[in-house]
Amino acid sequence: MSFTELPKYWKTVGLGEIVRKKSIRALPTEFPDSKFIGMDCIEPNSLRPSFLYEFKDFKSSGNYFEANQVLYGRMRPYLNKVYKAEFEGVCSGEFIVLECLPNFIPDLLKYILHSRDFVRFVNRKTSGDRPRISYDEIIDYPILLPPLAEQQRIVAKLEALFSELDAGLASLNTAAQQLKTYRQAVLKWAFEGKLTNDHVTEGALPAGWKWVKLGELMESVRNGYSKKPDDKGSFPILRISSVRPFKIDLSDLRFLESPLDEINSVAENDLLFTRYNGSRDFVGVCARVPALKETIYYPDKLIRCRPAIKAAAHATYLQYAANIGLSRQFVLSRIKTTAGQTGISGEEIKSIPIPLCSLEEQHRIVQEIESRLSVCDKLEETLAAARKQAEALRQSILKQAFAGKLVAPILNPDGNPA
């Protein structure tokens, strides 16, 4: 609906005509018992905090807010962090605190700021790695303002519809968590021998299996190229971020001006381990190198392990084994932080314990894992599509609401509906 086709008794206003910015600075010593909302407390698009801080635990000041005021996250506004306060407290200075004038209800403001149209509006006004929007930049956002009685009916309808959507999303999230648990269970069973053996004693390897050190299975273990890429050339070199458990992102590259010796390149079925990372979760994780269409080098912050046995199933088996169970626990126990860098040495990588079975059984285990996980992948794709459909439906509902099409229009200025 264009603004020239307003429903009866609606009017076009700028956001700044119906809200006011509240800027009351608060110190922890002044409000020690207050709850504090940081930017990290609100998940993108969630419209509510998932947890709260105690303001007394902070040293710096924040913005005081009251119940029924609306907090709008001004940093990285594309994250869509909006919350209509249900209590008084203090929030990060990265929130703009908005108070509605008497002809405008806070719940409707919350949904307007949450709408895709508003997100697009602010995104057009921001740029950079850490974009921020100011109050003065949003006050000219045009709004179709219904009469007060109609605002209340629109909000009631939105909340009824969204509660149904939220219930559906909760079911999708539960299913996603169950899939995650099943994935972990499949990998755990695989290296306890339970996927390929009928009788396994809990806590013991099946007959014919043994523990070996990863280094015993390698032809070589070597760090990569130690100089910083110049990004001026066309010879690709992996980033450390390209390696994650079970996967190498071959598009996550930098470039060198001249080629290196073959010894600094990777080949299909090599295992790449992360040597350093900012997060312990990604130190010492590994992935198998897939088939390559060109020569790709690897940096010093990755460790290349080249298996002595040239078999894809063997390398894939080792990739899975090294990332889970006792093998992963060993890596976590050996991680050290030195000079601000969290990492692990090549010698420790060589010492990772691996539960080893015959090549034939390794092949069967890889088939069992990938067959079961491929089913998980398809189900996760279905869940992701359902979430996307739910968000599209949410935005469609909001669009109808702000165009006067969600509830019956009023017949007179007193607010009596048709």
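Mentor: Here is the pocket, then one of its lining residues, then the cores.

This is a predicted model, where local features need pLDDT of at least 70, side-chain atom pairs count only at pLDDT 80 or more, and totals for chains, interfaces and linings use all residues. Residues are numbered from 1 along each chain as its sequence is written, and side-chain values use heavy atoms, with hydrogens and water left out.

Start with the space itself. Rolling a probe the size of a water molecule over the atoms shows where empty space is left. The largest pocket holds about 540 Å³. A pocket here is an open set of points on a 1 Å grid over the protein atoms alone, where a 1.4 Å probe fits, with protein on both sides within 12 Å along at least five of seven lines; lining residues have an atom within 4 Å of a point. Its volume is the space filled by probe spheres set on the points, which are joined across faces, edges and corners.

The lining of this pocket has 22 residues, and Ser46, Leu47, Arg48, Asp166 and Arg394 are the closest to its centre. Strand S8 (82–84) and helices H1 (106–114), H4 (148–190) and H8 (359–402) each give at least two lining residues. Helices (H or I, at least four residues) and strands (E, at least two) are DSSP runs, numbered from the N terminus. H4 supplies the largest share, seven residues. By class, the lining has eight nonpolar, four polar and 10 charged residues. Ala, Val, Leu, Ile, Met, Phe, Trp, Tyr, Cys and Pro count as nonpolar; Asp, Glu, Lys and Arg are charged; the others, Gly among them, are polar.

Now take Arg394. Arg394 sits in H8. It counts as buried because its relative accessibility is 6%, and buried means under 20% relative accessible area (1.4 Å probe, protein chains only). Beyond four places in sequence, Arg394 touches His114, Phe162, Leu165, Asp166 and Leu169. Contact means heavy atoms within 4.5 Å.

Next, the cores. A nonpolar core is a set of buried Ala, Val, Leu, Ile, Met, Phe, Trp, Tyr and Cys residues joined through side-chain atoms within 4.5 Å. The largest has 82 residues, of which Phe273 and Ile369 touch the most other members. H4 gives the largest share of this core, 12 residues. A second, separate core of 12 residues includes Cys41, Met75, Ala85 and Val97. Ile369 contacts Val186, Leu187, Ala190, Phe191, Leu195 and Tyr320, leaving aside neighbours within four places in sequence.

Methods. Buried means under 20% relative accessible area, exposed over 50%, partly exposed in between (1.4 Å probe, protein chains only).
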